[in-house]
Amino acid sequence: MSTTPLEFPEGFLWGAATAAYQIEGAAHEDGRQDSIWDAFARKPGAVADAHNGEVACDHYHRSAQDVALMGELNLSAYRFSTSWARCMPDGGTPNPDGIRFYSRLVDELLAAGITPWLTLYHWDLPQALEDEGGWANRETAERFADYAAVMHEALGGRVRIWTTLNEPWCSAFLGYAEGVHAPGRTEPAAALAAAHHLLLGHGLATQRLRARDPEAKLGITLNLNVFDPVDPADEGDRDAARRLDGQFNRIFLDPLFRGEYPADLLADVSHLGLADVIRAGDLEVIAEPIDLLGVNYYHGEAVTKSPPTATAQPSPFVAADGAHSVPRGLPVTGMGWEVQPDGLRRLLNRVQQEYTGPAGIPIYITENGAAYEDVPDADGFVDDQDRLTFFDAHLRALHAAVADGVDVRGYLAWSLMDNFEWAYGYHQRFGLVRVDYESQQRIPKASGRWYAGVAAQNALPPAP
Ligand code: FCB
């Protein structure tokens, strides 16, 4: 057990992240129209307890107070997303009333000395574009680049870090193959087309932003995972790890950093038409150089093929061939996700060696965090030692990766506050700050107070 603080490199960025649909509410105010999440949440059974983001944390009306809260937590950066359906409700026509909200938010952040980190797409496609085929339609990628340019016109002078997409894996495969996220489609071929068009949209938007603003820092956020074969000596288990790694990590990393899809992935999904949606020149657009990679890490997976699972349909893995995860006895969070901090260290080393190192770009952890059963005391305070321990363990793993030589420049905790956790509604709480949804009161949890200390010291205290 260590007794001295673990210091992070000078200038390390400490922040927290949120996403528009998860916190804003005001879902139909000032001209905002439906996104796919508004429409999806209305489908019976799609979201736990028929919850939705109509009010959420009411951040739309409380941004000044929330920025003050970030100040209390000593955050140096705040990663938020803009709602396309608020800024361009029909997917193509700018809505000045909606854009104004982000302009005000950015001013509030800058006044508080907090770096605004803008994500253009955190899963909330305007429903009008889904009606035209959504991400399975190539045209959506072009519309996304137009949206990027509109947002840059409004905010480019003040926002210097832009990420295009958050976790395109979830958009494509949870949304279009498994159907547990909006738009709730269960069409494996459409999911692969969506993955390609999301990447294309990223590339087109990056080109557009770069042309407008050569100095801005541009990137993308991927959720990446570590797939360990249960028995590394077993050929089936090794194939399971290779396949799932291909369909989760490499399907995005290889086009972005190498300008090609992995050959083994193309072979695995050859019956699903991916090759038909890739046009000449697309991969050069997708591989447009970026300035940083955002990595979201939550958990690892031990994977096997024995016994092969009955093809569980629908699945986010469109060509799993019997590969599936099995518990390996590690503790799990409220989401049932295994707590595996060492996976973060291994993942970062791998990503730098194979992708970001050769590209010469830094990595930022753009999300990491945990849901647990929070029990507030009479004053609403949550003594969440479990979440605090989760953060501590992952930050130690991150520190170890930095010591290994991985160029990680910052950490943005998920999440600033409890919020609408997609299909789980309000049942899973990830916040550093508790939100009482009845009163909309915000109360920092023990983990939030602890994190404020880490951010202020740029160091981890001795192990708890
Ligand atoms: C990530 C999402 C984020 C949140 C966390 C728990 O996949 O980007 O919005 O739901 O998971």
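# A guided reading of the predicted model

Asp374 is placed in the loop that runs between strand β11 (363-367) and helix α15 (385-404). The structure that contains this residue is a predicted model. Because its relative accessible area is 12%, under the 20% limit, Asp374 is classed as buried. The side chain of Asp374 forms a polar contact with the side chain of Lys445, at 2.6 Å. Once neighbours within four places in sequence are set aside, Asp374 is in contact with Val382, Asp384, Arg387, Asp418, Arg429, Arg434 and Lys445.

The ligand site may be considered next. The residues that surround the ligand are Gln22, His122, Trp123, Asn166, Glu167, Tyr298, Glu367, Trp414, Glu421, Trp422 and Phe430. This shell comprises five nonpolar, three polar and three charged residues. For Glu367, the distance between a side-chain N or O atom and a ligand oxygen is 3.0 Å. Of the 290 Å² of accessible area that the ligand has on its own, the protein covers 95%.

Asn166, one of the residues around the ligand, belongs to strand β5 (residues 161-166). Its relative accessibility is 0%, and Asn166 therefore counts as buried. Leaving out neighbours within four places in sequence, Asn166 is in contact with Arg79, Thr119, Tyr121, His122, Trp123, Ser171, Thr221, Asn296 and Glu367. Among these contacts are His122, Trp123 and Glu367, which also belong to the ligand's surroundings. The side chains of Asn166 and Asn296 make a polar contact at 3.2 Å. The C-alpha atom of Asn166 is separated by 17 Å from that of Leu192, which lies 26 residues away along the chain.

His181 is found in the loop between helices α8 (168-178) and α9 (188-212). Why does His181 count as buried? The reason is its relative accessibility of 10%, which falls under the 20% limit. Not counting residues up to four places away in sequence, His181 touches Trp37, Phe40, Trp123, Cys170, Leu174, Gly175 and Trp422. Trp123 and Trp422 are included in this list, and both are also among the residues that surround the ligand. The loop between α8 and α9 also holds Pro183. The peptide bond leading from Ala182 to Pro183 is cis, with omega near 5°.

A cis peptide bond also joins Trp414 and Ser415, with omega about 5°. Trp414 is one of the residues around the ligand, while Ser415 is in the loop between strands β12 (408-414) and β13 (433-436).

The largest nonpolar core has 133 residues. Those with the most contacts inside this core are Trp37, Trp162, Phe173, Leu398 and Tyr411. Trp37 is also one of the residues that His181 touches. With residues up to four places away in sequence not counted, Tyr411 touches Phe12, Leu13, Trp14, Gly15, Ile365, Asn368, Phe391, Leu395, Leu398 and Tyr451.

Asp49 is not a glycine, yet has a positive phi of about 55°. Asp49 is located in the loop between helices α2 (36-41) and α3 (59-72), and because its relative accessibility is 54%, over the 50% limit, Asp49 counts as exposed. Asn458, also not a glycine, has a positive phi of about 55°. The place of Asn458 is the loop between helix α16 (446-457) and strand β15 (459-460). With a relative accessible area of 17%, under the 20% limit, Asn458 is therefore buried.

Leu110 is part of helix α5 (residues 96-111). Because its relative accessibility is 39%, between the limits of 20% and 50%, Leu110 counts as partly exposed. Apart from neighbours within four places in sequence, Leu110 is in contact with Pro116 and Arg158. The C-alpha atoms of Leu110 and Val226 are separated by 36 Å, and the two residues are 116 residues apart along the chain.

Key: Residues are numbered from 1 along each chain as its sequence is written. This is a predicted model: local features need pLDDT of at least 70, side-chain atom pairs count only at pLDDT 80 or more; totals for chains, interfaces and linings use all residues. Side-chain values use heavy atoms; hydrogens and water are left out. A nonpolar core is a set of buried Ala, Val, Leu, Ile, Met, Phe, Trp, Tyr and Cys residues joined through side-chain atoms within 4.5 Å. Buried means under 20% relative accessible area, exposed over 50%, partly exposed in between (1.4 Å probe, protein chains only). Contact means heavy atoms within 4.5 Å. A residue is near a molecule or strand if one of its heavy atoms lies within 4 Å of it. A polar contact is a pair of N or O atoms within 3.5 Å; within protein, one must be able to donate a hydrogen and the other to accept it, and residues adjacent in sequence count only if both atoms are side-chain atoms. Accessible areas come from the Shrake-Rupley method with a 1.4 Å probe; for residues, only the protein chains shown count as cover. Ala, Val, Leu, Ile, Met, Phe, Trp, Tyr, Cys and Pro count as nonpolar, Asp, Glu, Lys and Arg as charged, and the others, Gly among them, as polar. Helices (H or I, at least four residues) and strands (E, at least two) are DSSP runs, numbered from the N terminus.
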